[in-house]
Amino acid sequence: MSTRTSAPTGLHLLRGDDHDLALRADGRDRTFSEVRELVEARREELGPTRRLVMIEGGNALEPVVTYLAALEGGHPVLFVDGDADRSAEHRAALVERFDPDVVAGASPGLAAAGSWRLTERRAGTRHRFHPDLALLASTSGSTGSPKLVRLSHENVLSNAVAIGDYLNLGTSERAITTLPLHYCYGLSVVNSHLVAGAGVVLDGHSVADEAFWHEFERSGATSFAGVPYTFELLEASGFAERDLSTLRYVTQAGGRLDPERIRRFARLGRERGFDVVVMYGQTEATARMAYLPPQLAEQSAEAIGIPIPGGRFTIDAPAGETVGELVYEGPNVMMGYAEDPADFVEGRTVESLRTGDLARRRDDGLYEIVGRSNRFAKIFGLRIDLDRVERLLAGEGCEVRAVSSDERLRLFVLAERIVETVRRRAAELTGLPARVIDVHAIAEFPRTSSGKPDTAALLAHAALLDRRATARGTAGAAVTTAGGSAGASGTTHEADAAADVTPEGIRALYAELLGRPDAGLDDSFAGLGGDSLSYVEVAVGLEELLGEVPRDWPAMSVRELASRAPARDAPTPRRMPRLETPAVLRAIAIVLIVGTHANLFGVQGGAHLLLAVAGYNLARFQLADVSERRRVTGILKSAAQVVVPAALWIGGVALVTGAYQPTTALLVNSFLGAPQWSEQWQFWFLEAIVWSMLALAAVFAVPLVDRAERRHPFAFALGVLGIALVARVVLAGGMQADATERYTPAIIAWCVALGWLVARSASLVQRLLVSALVLTAVPGFFGDPARELVVVAGILVLLWLPTLPVLRQLVPVVGTLAAASMFVYLTHWQVYPHLEHELPWLATLLSLAVGVVVWKLYTLVQARVARGAARLRRRPAAARPR
């Protein structure tokens, strides 16, 4: 067997005429002749020695040119996900295990940021390659040990030619990309079209984006490919109403698509003049193994069709059975797997491909998949077909995802109201006792980067729920999340928690508490859309896992947080729990506000302290190190989380009692309301927060401002505080504000800005400077030293103490009050006046309790509305109410 390192005759995929379109990218058409010149130049850069080339698989010109050049030069290619944030963990594992010689990309993780380049990790190569090795394709996604499929030049070429044959591709075809190049289905679109002399339009937008369809029309695209999720997006985004005069066909693969959905698209295609071609394949077969002739799509939507040209199927079934494992043979069957670089030199180790799918050959000659061999579970002595469970429940209107672990059936749904219904029906359909069936409601079903259901994420989520249930059931001493319970002794559980802290455990915590099963190890709380209303539960959960958490934890990735966990053998002495200072201050401030209003005591200043805490959290969450667009949308989302419940509550009270004017319900009283203090001013605090956030959203929509804040965060916040203090002096006519002036957004914006500056204070010098500013800015504003002392003390504690000790028994109380503080403020005006003179202590307690209850109810309704909206987006456009 030869193991030469000099480049053998490579694989040439550019087979079109010189003047025909080959690639369109960035709005520019490039002919086959032009692309050949680019490929030849890139081939010279790669050099004559065969080397392993890792390529970032974005739908852009440079990755495709590099791929074609590597194939022509005989260099084996390994594609990785072009999304660095999403794929960092998997990419690092591939680099560590397979040690590429050249890395081609544009992200900081692969190359110099902002430009495409080849990064040579060594001058030559340290690998030996089989002469036929052309491509290494990943099959494990983002989970499990990396394992690559070894594909030969013949594999790639034969599959590309076969696809072109049954799609009848010609030089007039133009396929627009919808799938990433690192996904074998997406790459097969490029291969099959270039080999047939057809063109490819490289576009990175989703089919749900209007920009995609604008490029489709401008380029004159004739086809696109999709996985099942793509077709969900198409129906949800009004595909049926689009007039696409150049569309000739749509292909589907990457997982089973609901037969009724296939029929809907086939009928639509019949009416509009395009075909729907359902295909079946696996990476181990380069891409495609079967296709359903488009004229059969409506009547045989359940089938995968017939083998592609040059391939054949057999059914490995027990004697007398018609259903068995589907086995494929053809020139596109892989050479074998590579589990480490030593396997690169191996020749063919596989002659036929056992697909793992259970199938039957129908009387009409078509093949049909009836299940997956590894989607069967043995539970309670019964063999359960998980795919069939999903189909049966879907037939009853319950969309579920089914997995199995620890001899239990785990079902995930999108609405809490159907949990018990699904459990009961699943028991009836499977014959399992209900006690071994777990049903959990989640915000959305997780998917892999290629749009397939992410079973691994669901299993991880189920494991987290098991761990938390066990902790609650067996460790009564555990410090739990807000609203949970705490016992008297926590030494054992703290030791166990510290020992069990892993990146996956923290990822699962985010998945549960933020409703984001798609959370990854390189995601942060801020990056996942966490905000001041959700951080309390997450912070307390992290305290439980890690002990004291760093001040900047919202911006830290899951992986970074896990590295802060105490060592497994570190002593874990019994200690008083510590909670994040902002959470403790929120709880204290709301008690001060309510207790003062109810005449239980007279300690003012809590609301202005809450404004500073709000500014602090705004800087940590909404102004975290995320993209400019996500900053603005995050700020607007947080503003909506205040405006919506406030408008509903105030408007409802106004309708019942007539107490409030429309300007109050719309949070514009400080601009349009009466200048004298009245009940219309009761919600000044919410107005101040909302208008501060709206102003910031407008400011940060300007890219220049966003970049300036990122480069100089402390100086920027200092400048904002200076502007706010000047506005206070000018508008109030001095340092002291009188009457309603101290409650208007423009005059008290300095409180929010001061909290923002506290969050940006990283060094000792900066904190000393901010301390001086606090002692300068606050005194004199109210003309009430006691009130000013409350604000000063609270802000200084926020500045210098990232966490505060809290009695174990008070942890859930503090967490709950902090999380519900806005709702307590919103509702207490209707509670305490009835008891403030006779029983002020009861008025205070009831005000707090009512706010917590309203908060719980609102979050429950909000979650259900979100799930309903998600389900509506997934419904076919034709089925939506108009």
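**Exercise 1: the sheet**

V149 sits opposite Y337 of strand 18. Keep in mind that this is a predicted model. Work out how strand 8 and strand 18 run relative to each other, parallel or antiparallel, and how many bridges join them.

Solution. Start with the pair itself: strand 8 covers residues 148–152, and the strand 18 residue facing V149 is Y337. Next, look at the directions: strand 8 and strand 18 run antiparallel, with three bridges joining them. Now zoom out to the whole sheet. It's an open one, built from seven strands in the order 6-5-3-4-7-8-18, with mixed pairing. At its edges you'll find strand 6 (117–120) and strand 18 (336–338), each of which pairs on one side only. On average, neighbouring strands in this sheet are turned by 30 degrees against each other, ignoring direction.

**Exercise 2: helices on the sheet**

Find which strands helix 1 lies across, and which strands helix 4 touches.

Solution. Take helix 1 (residues 32–46): it lies across strand 3 (53–56), strand 5 (102–105) and strand 6. Against strand 6, helix 1 runs at about 15 degrees. Then move to helix 4 (residues 153–167), which packs on the sheet and touches strand 7 (133–138) and strand 8. The direction of helix 4 makes about 75 degrees with that of strand 8.

**Exercise 3: one asparagine**

Decide whether N191 is buried or exposed, and list what N191 touches beyond four places away in sequence.

Solution. Second, check the accessibility: the cut-off for buried is under 20%, and N191 has 5% relative accessibility, so it counts as buried. Third, go through the contacts: leaving out residues up to four places away, N191 touches L13, Y67, V156 and A160. With Y67 there's a side-chain polar contact of 2.9 Å. As for A160, its C-alpha atom is 5.6 Å from that of N191, though the two are 31 residues apart along the chain.

**Exercise 4: cysteines and totals**

How many disulfides does the structure hold, and do C184 and C398 count as buried or exposed?

Solution. Disulfides first: there are zero. C184 has 14% relative accessibility, so it counts as buried. C398 comes out at 11%, so it counts as buried too. For the protein overall, 55% of the 882 residues count as buried. Finish with the inventory: 29 helices and 27 strands.

Definitions and conventions: Residues are numbered from 1 along each chain as its sequence is written. This is a predicted model: local features need pLDDT of at least 70, side-chain atom pairs count only at pLDDT 80 or more; totals for chains, interfaces and linings use all residues. Side-chain values use heavy atoms; hydrogens and water are left out. Buried means under 20% relative accessible area, exposed over 50%, partly exposed in between (1.4 Å probe, protein chains only). Contact means heavy atoms within 4.5 Å. A polar contact is a pair of N or O atoms within 3.5 Å; within protein, one must be able to donate a hydrogen and the other to accept it, and residues adjacent in sequence count only if both atoms are side-chain atoms. Two strands pair if DSSP finds at least two bridges between them. Helices (H or I, at least four residues) and strands (E, at least two) are DSSP runs, numbered from the N terminus. Axes are lines fitted to C-alpha atoms, for helices over the stretch in contact, and angles run from 0 to 180 degrees between N-to-C directions. A disulfide is a pair of cysteine sulfur atoms within 2.5 Å.
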